[in-house]
Amino acid sequence: MQNSELFKNWGLFLKGMDARDILLSFANHLEYSLSKDQYTATLRDLYQALALSTRDRLVERWIRTQQMYYDHDVKRVYYLSAEYLMGRALVNNLINLGMSDETRKAMDDIQVRLEDLAAEEPDMGLGNGGLGRLAACFLDSMATLEIPAYGYGVRYEFGIFDQVIRKLGQVEHPEMWLKYGNAWEMARPERQLTVKYYGRQEAAPQPDGGVRMRWVDTEDIVGIPYDMPIGGYGVNTVNTLRLWSARASNEFDLGFFQTGDYLKAVEQKNLSENISKVLYPNDQFFEGKELRLKQQYFFVSCAIQDIIRRYRVNHPDSFDRFPDKVAIQMNDTHPSLAVPELMRILMDDHGLGWEAAWDITRRSCAYTNHTLLTEALEVWPVSLFEKLLPRHLGIIYEINRRFLREVAVRFVGDEDRIRRMSLIAEKPERGVRMAHLATVGSHSVNGVAQIHTRLLKQRVMRDFTDMFPTRFNNKTNGITPRRWLLAANPELARLITGAIGDGWARDLERLREIEPLAEDADFRREWMRVKYRNKEMLAAIVQDLTRIPVEPGAIFDIQVKRIHEYKRQLLNILHVVYCWLLLKEDEDRQAHPRVFFFGGKAAPGYILAKLIIRLICHVAAMINRDENTADRLKVVFIPNYRVSLAERIFPAADVSEQISTAGYEASGTSNMKFALNGALTIGTLDGANIEIMEAVGEDNIFIFGMTAEQVAASQGNYDPAVFLARDPILRRVLDLIHTGYFSRETPDLFHPITRELRKADPYRVLADFESYRQRHIALDALYKDRDEWVRRSILNVARIGPFSSDRTIAEYNRDIWHAAPLHITKEEKRASAVC
């Protein structure tokens, strides 16, 4: 078949990119792929037809990319992440392919709005927050920089839940993103792999007198890969995101069925498929913990097996060049089982000795740490490992034994250090420290902002920094400008491109060229017009979602992110109530009208975070009812925050709230997205805020609060009552919340919040409150000078260039991966592509 006429021009891209060709593809898919015509097609059918037409053009480049990767025997990057918060793909793919204008023309010809079709696509919400969105940005940048790369993760049937606000609180509904299928994915059942659980390990004598360990009596499931094309911007490179779905190795027991036990006949199928059913099951119960560890091992095992299979296509006889051809990047601790799994396969399946397998593993693996929070540095019970992954526990024990011997030689007699550095925690119960495992098993460990990396080295991983001083490095996070400006804010993108050209979309540092235009009155006027239009669009969305009318002329003050105590949505809502009380006391108070927007999801098992959402919603319900202040102050909780909604929120923001307790946020990326869209930041010296301040200038950002060092120094000698005594209005705010003013039907509803603030205030909300309030006063004063505000908005965008994910990925590749970029050409090669 390879020599047939059908494949004669395999290497050429045959699908046209003009409006006529796009419309022809669209009509063909509508008729032949979906069996619909103009009378029966729904809006969703039209979206599907356009998505498939777009995918066709990606597929041509996708196949060519894979061909060239094998032809050139390139080194590949494998990005392992439990989360991929991809959002919608249609508009982003059209932009990266350079066919968005022609597609719009094609849809205009049939009187269909492209925006209406794009809105039919469900968000691919396979992530919980910044970790998953970062992974999505990185995939975009790796393809744009023409780095041979693959993403690996789980194809969760239900992603992060849909959030509904009911009775002023969060209610979780399943996110059924696959209800109508996924136009962008392709199942690869021929590449299915077996994943083992349970069982036991035994020593098997070998003919040469040696011993090889075997993992026997296991329960097996099957991993089915689903591939999605990830196209780069303005290049022909199309990389692969491979997500794994769990299936039973024996889906149907005919014996049970024949005896009438129909439930038992499919029991194993249902239990197996639970593994890829839902993102992050509640792990407060043993069954949830077991399922979560199963998920992590499932996608890691599938990924490592697939990586080895792909390597052996060009290198069937030896693993000597494995680290020269493979770079495995573990995105946080979730994929850290890659270390013992790679060891297991190299030793048990391919007969390598321990030293050779360990050398290969260490030189191939790298680890990104994303948190300083102790609870996020996973520790799995040894008892669970013994039951679920006995072979891996044996390997981890041996890694630990050899490693602690190295530590003992390096630090003679330091038993406390040995205890701290052990991969096995002894208290409160014996557990496997996954961050320790990833650190010991990697040649590189990086943080994601300068302050985060410094604190990681000084606090969380200080012993390991002493042991491996050259292993730790910083890679400050970034965002892709294609999605977060070109796609999310097309009017601003057009304004910028009209002034300096479109080169900024591939080199974000070129935004510096608009800096002189901050002094141009006409440019400022146009900038202001774009912002107002974006605020009008968000106001319409908010009206539709919440039935709360908001005025676009007000300051749009926005905090959208995962709900967590350290992110301090509490500080924000306390300040809102404070401002409301001031307006009540002085009706002539001069303050620009402001709308405070909140958005974000709380983990279903995180009770206090869900209570914070209830507090925000209760306060909003009360304040928005006040006719005397309604034209000057409103509060909105935007439900079901997700990527597609974020694309409407960031362009409309005037103020970006980045107010985490200093020393707790690893980096943050919403701070970058807001700044890229012209919002001014009010924030602490935490995460990437510090580097943003250095980039945009201290005059163009509102910094407040304690430093990370001051927060740490306050441990053990902090009294919240001191700050309440200084400010009677703040004290009144807490009293109103505590006595049930905002929750009259349940007066004690918010006692857990007020008691925590008054007793311990672990995230220093009260300590930072006055500084925060003063910076808001300065912010309000600046906004009254609209010309100066817009000038500083322009400067924020002009100077945000260093925070492109292209820069971040280039640094990863330069310092860690060393994978040579490969320019994908159109020339005809061979007619085979091994996926």
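Reader: What makes the contact between E172 and K610 a salt bridge?

Author: In this predicted model, the closest N and O atoms of E172 and K610 are 2.9 Å apart, and since a salt bridge asks for a Lys or Arg side-chain nitrogen within 4 Å of an Asp or Glu carboxyl oxygen, the pair is called a salt bridge. E172 lies in strand β6 (residues 169–173) and K610 in helix α24 (residues 607–623), so the pair ties together parts that are 438 residues apart in sequence.

Reader: Why is E172 called partly exposed?

Author: Its relative accessibility is 26%, and because buried means under 20% and exposed means over 50%, E172 counts as partly exposed.

Reader: How many salt bridges does the structure hold?

Author: The structure holds 64 salt bridges. One of the pairs is E355 with R402, whose side chains meet at 3.2 Å from N to O; this pair links distant parts of the chain, with E355 in helix α13 (residues 354–364) and R402 in helix α15 (residues 390–410), 47 residues apart.

Reader: Is E355 exposed or buried, and how do you know that?

Author: E355 has a relative accessible area of 53%, and because exposed means over 50%, E355 is called exposed.

Reader: Which residues are linked in a network of salt bridges?

Author: The network links R188, D227, R242, D306, R309 and R310.

Reader: What makes β22 and β25 edge strands?

Author: Six strands form an open sheet in the order β22-β21-β20-β23-β24-β25, with parallel pairing. The strands β22 (633–638) and β25 (702–703) each pair on one side only, and these are the edge strands.

Reader: How do you know that β23 and β24 pair?

Author: Pairing asks for at least two bridges between two strands, and four bridges join strand β23 (residues 655–658) to strand β24 (residues 680–683), the two running parallel. Along this pair, V655 stands opposite L680 and S656 stands opposite T681. On the other pairing, two bridges join β24 to β25, which also run parallel, and F702 in β25 is the bridge partner of I682.

Reader: Which way do the residues of β24 point?

Author: L680 and I682 point one way from β24, while T681 and G683 point the other way, and all are buried.

Reader: What makes up the right-handed β-α-β unit between β23 and β24?

Author: This unit is made by β23, helix α26 (residues 670–676) and β24. Another right-handed β-α-β unit is made by β24, helix α27 (residues 689–696) and β25.

Reader: What makes α23 "mostly covered"?

Author: In helix α23, 14 of the 17 residues are buried. The helix covers residues 569–585 and reaches 25 Å from its first C-alpha to its last, close to the 24 Å expected at 1.5 Å a residue. Helix α33 (residues 786–798) reaches 18 Å over its 13 residues, close to the 18 Å expected, and α33 too is mostly covered, with ten of its 13 residues buried; among them are W789, V790 and R792.

Reader: Where is the pLDDT below 50, and what follows from that?

Author: The protein chain averages a pLDDT of 93, and 94% of the residues score at least 70. Over residues 1–11, however, the pLDDT is below 50, and this stretch has 16 contacts beyond near neighbours in sequence. Residues 828–834 also have a pLDDT below 50, with 23 such contacts in the model. Where pLDDT is low, the predicted coordinates should not be read in detail.

How values were computed:
Residues numbered from 1 in each chain as written. Predicted model: local features only at pLDDT ≥ 70, side-chain atom pairs only at ≥ 80, totals over all residues. Heavy atoms only, no water. pLDDT = per-residue confidence, 0-100. Contact = heavy atoms within 4.5 Å. Expected span 1.5 Å × (residues − 1). Buried < 20%, exposed > 50% of the residue type's maximum accessible area, 1.4 Å probe, protein only. Right-handed = clockwise from strand over helix to strand, strands pointing away.
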